[in-house]
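Subject: Structure handover

Hello,

Please find the structure below. My notes on it follow.

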Amino acid sequence: MAHMYIALVDTPGFFASLIRRFLGQRYIHVVIAQDAGLEEAYSVGRRNPAVPVFAGFEKEEKERILHAFPTAYYRICEMECTDAQKSGIMRRLRADYQRRFRIHYAVLGLPFIVLNMPFFITNQYTCSSYIARILQENGIQIAGKHFSLVTPKDFYECDKMHVVFEGKLSDIVAGEPCCEMASGTTVCYEITGCESVSHGVTGCEIGGITAYE
């Protein structure tokens, strides 16, 4: 059994605050990664973390994001998949990265999401619809709807997601342990291997304000 990782992201900014209000949740951006430490992670989002106007498919660079958003807050979820599924997903992500300047953010599709009307604009996606489509093509369904209508809230509520970290991006960059609750006991792991390297440390806390509203 293999694992993929979905990061739900809370970043500051006016545009982010509008999406946050519309979705009614803290996390408004979705990232897909092959590892819990986000060493290789991709999303449809800002091409430059500090410039919201230009958006498309990019490889996430957590150090650059931290520099632009020192208070960025992340929830990282682990999702089971087969080795073949993970290979297929990563192969597609890497291929799309090679043609990343042809993939853009689907601004024109946002009204369709509000109206709950499925749509498809060639090479245009929201952060969540792109990931939903890639997963769907590899046999993983996030929500019972057309991929174009999938929002960060669907990932937030998906029962396939197992939370392995929730806290500041600065902790991820620094390699701080991630924590999870299990039967009332908090267990910490190395952020680079949350699925397998348990230190059995108890009594630690998930810092900051959580998103369990």
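Helices here are DSSP runs of H or I with at least four residues, numbered from the N terminus. With that in hand, one note before the findings: this is a predicted model.

I start with helix H3 and its charged residues. Arg 92 and Asp 96 are both in helix H3, four residues apart, which is about one turn of the helix. An α-helix has 3.6 residues a turn, so residues three or four places apart point the same way. Arg 92 and Asp 96 form a salt bridge, with 2.9 Å between the closest N and O atoms. Asp 96 is buried, at 2% relative accessibility, while Arg 92 is partly exposed, at 23%.

Arg 92 also has a salt bridge to Glu 137, at 2.6 Å from N to O. Since Arg 92 belongs to helix H3 and Glu 137 to helix H5, this pair ties together parts that are 45 residues apart in sequence. Glu 137 is partly exposed, with a relative accessible area of 43%. Asp 96 in turn meets the side chain of Arg 99 in a salt bridge of 3.2 Å, N to O, and Arg 99 counts as partly exposed at 26% relative accessibility. Through shared partners, Arg 92, Asp 96, Arg 99, Arg 133 and Glu 137 make up one network of salt bridges. In total, the structure holds nine salt bridges.

As for the geometry of H3, its 16 residues should span 22 Å at 1.5 Å a residue, and the C-alpha atoms at its ends are 23 Å apart, which agrees. Its buried residues are Gln 85, Lys 86, Gly 88, Ile 89, Met 90, Leu 93 and Asp 96.

Next, the nonpolar cores. The largest has 35 residues, and the members that touch the most others are Ile 32, Leu 135, Ile 142 and Phe 155. At least two residues each come from strands E1 (2-10), E2 (29-33), E3 (41-48) and E5 (73-81), and from helices H3 (83-98) and H5 (127-137). H5 gives the largest share, six residues. Beyond its neighbours within four places in sequence, Ile 32 is in contact with Met 4, Tyr 5, Ile 6, Glu 40, Ala 41, Tyr 42, Ile 89, Leu 93, Ile 131 and Leu 135. There is also a second, separate core of 17 residues, with Ala 33, Ile 65, Phe 69 and Ile 172 among them.

Strand E5 is mostly covered, with eight of its nine residues buried. E5 pairs with E1 in the antiparallel sense over nine bridges; in E5, Glu 78 is the bridge partner of Tyr 5. E5 is also joined to strand E8 (residues 162-168), again antiparallel, by six bridges. Here the bridge partner of Cys 77 is Val 163 in E8.

That leaves the cysteines. How many disulfides are there? The count is zero. A disulfide requires two cysteine sulfur atoms within 2.5 Å. For Cys 77, the nearest cysteine sulfur belongs to Cys 158 and is 9.0 Å away, so Cys 77 is in no disulfide. Cys 77 is buried, with a relative accessible area of 3%, and Cys 127 is buried too, at 4%.

Regards

Notes:
Residues are numbered from 1 along each chain as its sequence is written. This is a predicted model: local features need pLDDT of at least 70, side-chain atom pairs count only at pLDDT 80 or more; totals for chains, interfaces and linings use all residues. Side-chain values use heavy atoms; hydrogens and water are left out. A nonpolar core is a set of buried Ala, Val, Leu, Ile, Met, Phe, Trp, Tyr and Cys residues joined through side-chain atoms within 4.5 Å. Buried means under 20% relative accessible area, exposed over 50%, partly exposed in between (1.4 Å probe, protein chains only). Contact means heavy atoms within 4.5 Å. The expected span of a helix is 1.5 Å times one less than its number of residues. Two strands pair if DSSP finds at least two bridges between them. A salt bridge is a side-chain nitrogen of Lys or Arg within 4 Å of a carboxyl oxygen of Asp or Glu.
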